Amino acid sequence: MAERFEVPDGWVLQAYQYALDPTAAHIAVLESHAGGARFAYNTMLRAVKANLSQREAEKSYGITDADLTPTLAWTFQSLRNDFNRRKHQVAVREDGTPWWPENSKEVYANACKNLAAALKNWDESRKGKRKGPRVGFPSFKSKRSARAFAFTTGTIRVEPGRHHVTLPRLGTLRVHESTRKLARRLEHGTARILKATVRFERGSWLVSFTCVVERAASRPAHVKRLAPVAGVDLGVKDLIVAATPDGEEVLRCKAPRELKQASRTLRALQRKAARQQGPWDAETETRREPSNAWQRTQAVIAKQHIRVGNLRRDRLHKLTTSLAQSFDVIGTETLAVKNMMTAGGARKKGLNRSLADAGLGEFSRQLDYKTTRYGSVRVQADRWYPSSKTCSGCGSVKAKLSLSDRLYVCDNEHCGLNITGIDRDLNAAINLARYARAEQSACFDNGGADRKTTAAAALVAMKPESSNGSASPQGEAA
Ligand SMILES: [Zn+2]
């Protein structure tokens, strides 16, 4: 198994994902592999826990360190070897016949690898060596947990017909979309498959090929560049609004009609289910047997959830691709997902649902890797940069801007936006564009040192003539 694969210069890692169209026989094998992976994970997690409490108990009896039961090392190799010793006893049927040979040995190895990673994350988080939220101790996987397993060796192939893939133990399976893009690259030797991950998600089995792909970080030839620099505001009303530093709106994306319609249908179904006899009787506050009608509605709701999710995902991908391809420098706000979803994040709560639900974190993640892929740059504004409250006309900053204000009207009576006002999302986008441009030039000027000050200074320099008399607001950014 490739532990540390060095990606060669000019090559990048890229995943290609396809929905599988498995036969009943395939599904049995898929389920078996997913079950095997879960079994290996849980078996070794149980072993690790048992080992920990054994040593704990021994210590409490006063046994010296030297005589303690040896630690079960949390490395991938150690866990895998240990599982390989155990499997002859534990991965067998009641009549004693082993079932473990029915699955590829890779699914067990991968499960051990995942467990090793989970234990390491917990350990580092506990010792404060890991950034981000605290990672808990790994928990057992249930039948309801994500079903997933991976292959790194064996026959992993994309068939020349463009509609089939071949995987170890499974053989050839049909896929729903054409594999053309990946197949072409494989044929030309500009892609290599490192790993195939199979998972059950959103009601279907998916295969994801992790590949190294030779590609220059550049925009595809057929895509037109809309502007060198743009600011992107995740709007309150529309999904996104993009504008240049000169105040020109270059892109505005609304939530697609089919997504709105699908969400509306979903809500209607949920209301319908609420009127039916569900598993909870609110009057007597007891559980009860749900009616058949309620169960039927639940099945439709589950399907509709998948459809809404798919539409949203599709939308998000198209949006981030188009942003990464259309501009060289893209300025956005700092998308601290946690802050938006929790207490302080009432800011966009209930509004801009289409994007918020799809996940601002996911928007951010996609924009990051796509800008890298297409050779553009993303500039995130400082967390406290008041992109919505700043006037793009004169640079003054409002103390308060209500979410219901669709229009930004400047308080400065000498400012052109004092009477007419400007669409609030466009206003924010322009500010972000200027921020990004300033950051970028600051980066070139002094190698990135002291960026914040320079950005603020550049903003002052950019203020139009009309801004006489307004108090300088730029200190705000600090
Ligand atoms: Zn103004």
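Analyst: A residue is called buried under 20% relative accessible area, exposed over 50% and partly exposed in between, with a 1.4 Å probe and protein chains only. The model is predicted: local features need pLDDT of at least 70, side-chain atom pairs count only at pLDDT 80 or more, and totals for chains, interfaces and linings use all residues. Residues are numbered from 1 along each chain as its sequence is written, and side-chain values use heavy atoms, without hydrogens and water.

User: Is C410 buried or exposed?

Analyst: The relative accessible area of C410 is 1%. Because this value is under 20%, C410 counts as buried.

User: Which geometry does the site of the zinc ion have?

Analyst: The protein donors (N, O and S atoms within 2.8 Å of the metal, or 3.2 Å for Na, K and Ca) are the SG atoms of C391, C394, C410 and C415, at 2.2 to 2.4 Å from the zinc ion. The angles among these 4 donor atoms run from 101 to 114°. Four donors qualify when all angles lie between 85 and 135 degrees, so the site is tetrahedral.

User: How many residues apart are C391 and C415?

Analyst: Along the chain, the donors of the zinc ion show the spacing C-x2-C-x15-C-x4-C. C391 belongs to the loop between β14 (377-380) and β15 (407-408), and C415 to the loop between β15 and β16 (422-423). Strands here are DSSP runs of E with at least two residues, and helices are runs of H or I with at least four, numbered from the N terminus. The pair links distant parts of the chain, with a separation of 24 residues.

User: Are C391 and C415 buried or exposed?

Analyst: C391 has 2% relative accessibility, and C415 has 5%. Both residues therefore count as buried.

User: Which are the edge strands of the open sheet of 7 strands?

Analyst: The strand order is β2-β6-β7-β1-β5-β4-β3, with antiparallel pairing; two strands pair if DSSP finds at least two bridges between them. Each edge strand pairs on one side only. The edge strands are β2 (147-151) and β3 (157-158).

User: Which residue of β7 is the bridge partner of V12?

Analyst: Strand β1 (residues 11-21) runs antiparallel to strand β7 (residues 204-214), joined by 9 bridges. Within β7, L206 stands opposite A19. The bridge partner of V12 is V213.

User: Which residue stands opposite V175 in β5?

Analyst: β1 also pairs with strand β5 (residues 171-175), in the antiparallel sense and over 2 bridges. Opposite V175 stands L20.

User: What distance does helix α1 reach from its first C-alpha to its last?

Analyst: Helix α1 covers residues 24-60, which is 37 residues. The expected span of a helix is 1.5 Å times one less than its number of residues, and for α1 this expectation is 54 Å. Just after α1, G62 takes a positive phi of about 85°. From the first C-alpha of α1 to the last, the reach is close to that expectation, at 54 Å.

User: Which residue follows α9, and with a positive phi?

Analyst: Helix α9 (residues 360-374) has 15 residues and reaches 21 Å, close to the 21 Å expected. Its buried residues include L360, F363, L367 and Y374. The residue that follows α9 has a phi near 75° and is G375.

User: How far apart in space are R312 and A255, C-alpha to C-alpha?

Analyst: R312 lies in helix α6 (residues 292-326) and is buried, with a relative accessible area of 16%. In sequence, R312 and A255 are 57 residues apart. In space, their C-alpha to C-alpha distance is 9.1 Å.

Key:
Tetrahedral: all angles 85-135°; square planar, octahedral: opposite > 155°, others 65-115°.
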